[in-house]
Amino acid sequence: MNFERARFNMVEQQIRPWDVLDMDVLDLLMTVKREEFVPPAHKTLAFADVEIPIGCGQTMLKPVIEGRILQALPLKRSDSVLEIGTGSGYFAALLAARTDWVRSVEIEPELAKFATDNLNRAGVENVIVEEGDAARGWSGRAPYDVIVVTGGLPMVPQSLLDQLKVGGRMFAFVGEAPVMEGRLITRVSEDQYQTEDVFETVVPMLKNAQRKDEFRF
């Protein structure tokens, strides 16, 4: 398989037509080698417009979704990033290529190891993968400039919003099937947030995501 030709076709025939026009994002998707993060049995699907299974009932996001997230989050070299749901480690590698450091939290031990191995093999040194449940945030190095939640959330917990710096941006998939919103949330002050629904899609629900009917005493 000609991976470079397949990568070019992915960018030009899938991602660009889905209104991902930021050249920095397109260059990034051409640079970070997606096939290095795909399970060997599915390597021929590395650039296909599908959710590739990676084990533990989880899948990689489609390339078009990855491109839209990156375009919605103008990343800066000085940014600190929290990623919730590491999966294969590919999206963490994309984030890390444009930011200072990424802390990525994965609830499945098998996937945490898979992602760590992939990142190490790819020579990505500014990602720390931790095993745990970050559905309500991960306070270790909070607050963060950027938070990305790679699974669906019926609602965004306040505890997660609180871990954004003022001026920080969060991308999350909010809602439930059959329609979820790819939502950009910007913290504009200590107690104010601006939201923008960027596109509609459906992704698997984040494990242990807080439901709307949950409440605390």
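**Close-up views of a predicted model**

View 1. Phe173 stands opposite Gly182 in β8. The model is predicted, so local features need pLDDT of at least 70 and side-chain atom pairs count only at pLDDT 80 or more, while totals for chains, interfaces and linings use all residues. Residues are numbered from 1 along each chain as its sequence is written, and side-chain values use heavy atoms, with hydrogens and water left out. Strand β7 (residues 164–176) and strand β8 (residues 179–189) run antiparallel and are joined by eight bridges; strands (E, at least two residues) and helices (H or I, at least four) are DSSP runs, numbered from the N terminus.

**View 2. The open sheet.** Seven strands form an open sheet with mixed pairing, in the order β5-β4-β3-β6-β7-β8-β9, where two strands pair if DSSP finds at least two bridges between them. The edges are held by β5 (127–131) and β9 (192–201), each with a single partner strand, so one side of each is left without a neighbour in the sheet. From one strand to the next, the twist averages 15°.

View 3. Five bridges join β3 to β4, and the two strands run parallel, with Val105 in β4 as the bridge partner of Ile84.

**View 4. Helices lying across the strands.** Helix α3 lies across β6 (144–153), β7, β8 and β9, and runs at about 155° to β9. Helix α5 (residues 109–121) lies across β4 (101–106) and β5, running at about 165° to β5. Axes are lines fitted to C-alpha atoms, for helices over the stretch in contact, and angles run from 0 to 180 degrees between N-to-C directions; contact means heavy atoms within 4.5 Å.

**View 5. The crossing of helices α2 and α3.** The axes of helix α2 (residues 23–31) and helix α3 (residues 63–72) cross at roughly 135° and come within 9 Å. Val25, Leu28 and Leu29 of α2 make the contact with Gly67, Leu70 and Gln71 of α3. Of the residues in this contact, four are nonpolar, two polar and none charged, where Ala, Val, Leu, Ile, Met, Phe, Trp, Tyr, Cys and Pro count as nonpolar, Asp, Glu, Lys and Arg as charged, and the others, Gly among them, as polar.
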